[in-house]
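Here are my notes on the chain, point by point. Please read them alongside the coordinates.

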Amino acid sequence: MGDESEIEAFIARWRDTGGSELANTQSFINGLCHLIGIPPPNGSRADDAHNDYVFERRVFQDNGDGTFSFGRIDLYKRGAFILEAKQGSDADRAAAEHGEDDLDLFGQTASTRLKRGTARRGTPGWAKAMVQAKGQAERYARALPSDHGWPPLLLIADIGYCIEVYADFTGTGKAYAQFPDRARYRIMLDDLRDPEVRKRLAAIWTKPMSLDPSAQAARVTREVADLLATVSRRLESRGHSAEAVSGFLMRVLFTMFAEDTGVLLPRDSFKSLLRGQLDHPEHLHHQLSALWRAMDSGAFAPGLGIPVKHFNGYLFKDTAALPLELDELKVLIEASNKDWTEVEPAIFGTLLERALNPKERAKLGAHYTPRAYVERLVGPTIIEPMRADWAGVRVAVAELIDQDKPEQARRTVEAFHGRLAATRVLDPACGTGNFLYVAMARMKELEGEVLDLLMELGDLQYVAELTGHTITPENFLGIEVNPRAAAIAQLVLWIGYLQWHFRVNGRDRSPPEPILRDIRTIENRDALIEWDSRELERDEDGLPVTRWDGETMKPHSVTGRLVPDEDAQMETYRYLHPRAAQWPKADFIIGNPPFIGAKYLRDRLGNGYFEALFRTTDVPESADYVMHWWDKAALAVRKGGTRRFGFVTTNSITQLFSRRVMAKHLDAKDALSLRFAIPNHPWVDEKDGAAVRIAMTVAAPGKAEGLVLNVTDESDAPGRIEFASRMGVIGSDLRVGADLTATVALKANDRLCSPGVKLHGNGFIVTPEEARKISSNTLKMLDYFSEISTYNSQQPAASSQQPAASSQQPAASSQQPAASSQQPAASSQQRQSGAAFRPSRTSSFPIAMAATSPGARAVSSR
């Protein structure tokens with residue numbers, strides 16, 4: 001790695017180029033590699049299979065007509081990055097000097113690419129050139145061989161001036177955003193003096209995935225949740241209600257987050273307050289209440305000895321603090337030592353709900369839904385259509401700059417930002433808000449790019465007056481029936497928003513006061529039905545009718561497996577004058593509605609709710625519960641102006657009755673179409689961390705083709721899942737191709753064949769006691785089959801050379817009498833040959849056995 005004198009010499013040399021088109025890209029990169037202690041790129045070889053770290057790496061694009069176009073990546077390192085220089089490549093320069101046309105796969109000549117490098121820094125033309133260079137890098141990434149995957153990073157260089165870094169660690173290549181944030185993504189030449197910058201560049205070359213902040217954030221988040229669970233458990237054991245404890249700890253954790261920003265509260269101020277009470281923990285709750293009253297109104301805080309910002313009453317309207325014992329205070333101090341700015345909101349909500357919910361606390365160590373899985377749905381539902389809009393704006397801006405219309409270019413970008421800032425996203429089953437947070441994070445990333453382009457275009461006043469028109473938690477709407485989860489979701493959005501505020505606007509720029517506006521975008525209510533009132537159901541003695549609460553489990557006394565806890569009962573109600581619930585208007589709808597199979601609906605929801613629900617909808621009772629959300633979202637797209645919706649559902653969505661719900665909307669006159677689908681994908685249930693299988697579907701108005709991804713390898717899940725993709729019209733069976741769901745029976749086969757008697761449903765299952773009552777021969781049959789089962793279990797496996805049964809064997813006679821209880825035992829010859837003792841193929845019984853072990857249940861054939 002270069003020493004200080006070499007760094008100064010490098011900076012001085014390249015500053016003198018002044019951005020000239022003659023600046024040598026390869027020489028700059030080789031010198032940079034020496035400074036950061038990285039080997040320079042290898043020499044290019046004729047076989048591209050060996051060109052994994054080279055200058056001028058060729059990529060090819062199938063034009064769809066039997067021909068191919070090519071392009072050259074300025075610098076490529078497989079699994080790490082694509083670097084595109086604003087100045088163009090050395091090969092471009094050589095081609096231009098020789099007058100060669102040399103069209104690349106984007107229809108640009110070498111001369112055109114070189115002209116891009118002459119744009120003067122600080123002008124709209126420079127901004128256009130950098131935008132074009134990024135667009136070209138993104139297109140090169142799409143043209144890479146499929147087995148290379150998407151590079152996690154794009155580097156856009158103005159040689160001798162700066163390198164812009166964009167990252168997408170999801171492996172989708174759909175959202176390359178400023179990295180690590182808007183304040184630091186552009187590495188200026190002078191920044192190379194900073195050892196942290198050189199360390200980051202070295203990691204880009206050698207360990208790019210180590211820069212993914214989600215891994216570190218996930219570790220910190222789980223540690224924080226474990227500590228909060230410890231305090232929560234102790235406070236509840238002393239008689240405090242779960243609701244009071246969760247409200248108190250949410251105020252504590254936000255205060256910890258605020259001090260770690262160093263802007264909302266002075267750094268380490270809250271830690272000092274906590275440590276100052278180690279000798280007298282019994283006084284701490286008075287100091288906490290006083291601090292929160294000051295934060296509520298923006299007043300002097302005696303515990304900190306300073307005035308504090310105005311945080312408003314959303315979170316601190318209730319300033320109650322619970323008395324703490326010394327051990328509990330020590331746990332809070334340990335939690336405050338974590339870096340709360342690194343907490344990952346995408347998983348924090350789930351872990352916090354488990355930590356604060358006594359019923360869920362035992363599952364705190366269970367798996368949670370990985371952010372990458374959430375991203376897989378957020379991308380095609382929300383971010384891809386918005387980035388497509390942004391790509392169109394960038395093209396329009398480039399044309400306006402070419403026409404010397406910079407003011408019109410600024411107005412075009414301002415208009416897009418206005419639409420972006422007004423975009424509303426709804427999750428109608430939001431839980432603790434992980435889908436909403438990931439959507440907000442991706443939209444804030446896009447907003448950062450838009451604001452940067454406005455700055456480059458000289459629109460400084462617009463950016464300075466951003467307060468009233470930017471993306472905030474008000475853009476993200478939720479409906480959640482669980483009050484604690486709804487409160488956590490609102491907190492997650494505010495913490496996530498403030499994290500992104502500092503990333504986009506700079507670490508030292510405070511948001512406007514009040515910090516937490518008194519808005520409630522997460523509604524605590526039912527998402528499917530509304531009603532005038534509820535009446536408690538009572539039995540003939542006037543006592544409340546109860547049922548299992550649908551979630552509390554306990555270990556079985558014999559098997560140890562979790563089974564419903566019959567002591568966990570809840571009252572049942574009748575719903576008077578039910579009607580379909582109204583959802584707030586939104587541009588995009590996304591979420592993960594609850595998974596309940598059709599046959600369990602009545603038991604899980606209760607008779608009263610079940611009856612009320614199906615008086616308000618035409619979704620069939622045999623469809624899964626999630627299809628009620630799918631149906632309402634589809635209507636919002638078809639009739640309400642929503643652009644797209646995307647849901648995680650059970651993978652049984654392709655079964656008949658659920659499929660009919662989709663088909664109704666896909667085949668309507670004002671139809672929608674599926675733009676993205678994964679029929680069978682691994683998932684982690686948020687309630688208990690169990691591994692389940694799900695489907696993802698994204699729908700938009702109009703008839704159009706979509707992308708189907710089928711999982712081909714999930715051995716490295718969740719970190720990496722491989723897919724096979726196919727484009728085309730997606731049917732309600734989530735397949736591309738002929739619509740097999742529309743097939744009908746051939747009339748020519750009518751009355752020619754029958755599938756025979758089939759046993760369906762639990763109604764055919766009978767106990768041995770019931771079987772004995774059905775037929776006098778049943779007891780003999782049960783004993784007979786038990787004897788067979790016992791004998792066969794003691795015999796060696798049949799020889800692999802044993803001939804198959806003859807296809808000419810006669811069918812069993814319908815007149816054959818029932819087997820006698822005096823059936824002879826197997827002969828010694830049978831035993832010696834290893835043949836299993838079997839009943840005669842002509843035996844018949846009125847009862848078919850479901851199993852042959854003692855105590856087996858029988859299946860009625862009637």
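Is Gly 478 buried or exposed?

1. Gly 478 is buried, at a relative accessible area of 1%. Buried is under 20% relative accessible area, exposed is over 50%, and partly exposed lies in between (1.4 Å probe, protein chains only). This is a predicted model: local features need pLDDT of at least 70, side-chain atom pairs count only at pLDDT 80 or more, and totals for chains, interfaces and linings use all residues. Numbering runs from 1 along each chain as its sequence is written, and side-chain values use heavy atoms, without hydrogens and water.

2. Strand β11 (residues 476-479) holds Gly 478. Strands (E, at least two residues) and helices (H or I, at least four) are DSSP runs, numbered from the N terminus.

3. Leaving out residues up to four places away in sequence, Gly 478 touches Leu 426, Asp 427, Cys 430, Leu 436, Thr 521, Ile 522 and Glu 523. Contact means heavy atoms within 4.5 Å.

4. Helix α8 (residues 242-261) has 20 residues and should span 28 Å; its end C-alpha atoms are 29 Å apart, which agrees. The expected span is 1.5 Å times one less than the number of residues. Of the 20 residues in α8, 18 are buried.

5. Overall, the chain has 25 helices and 29 strands. Buried residues are 50% of its 862 residues. Among contacts with a separation of 6 or more, 70% join residues 24 or more positions apart.
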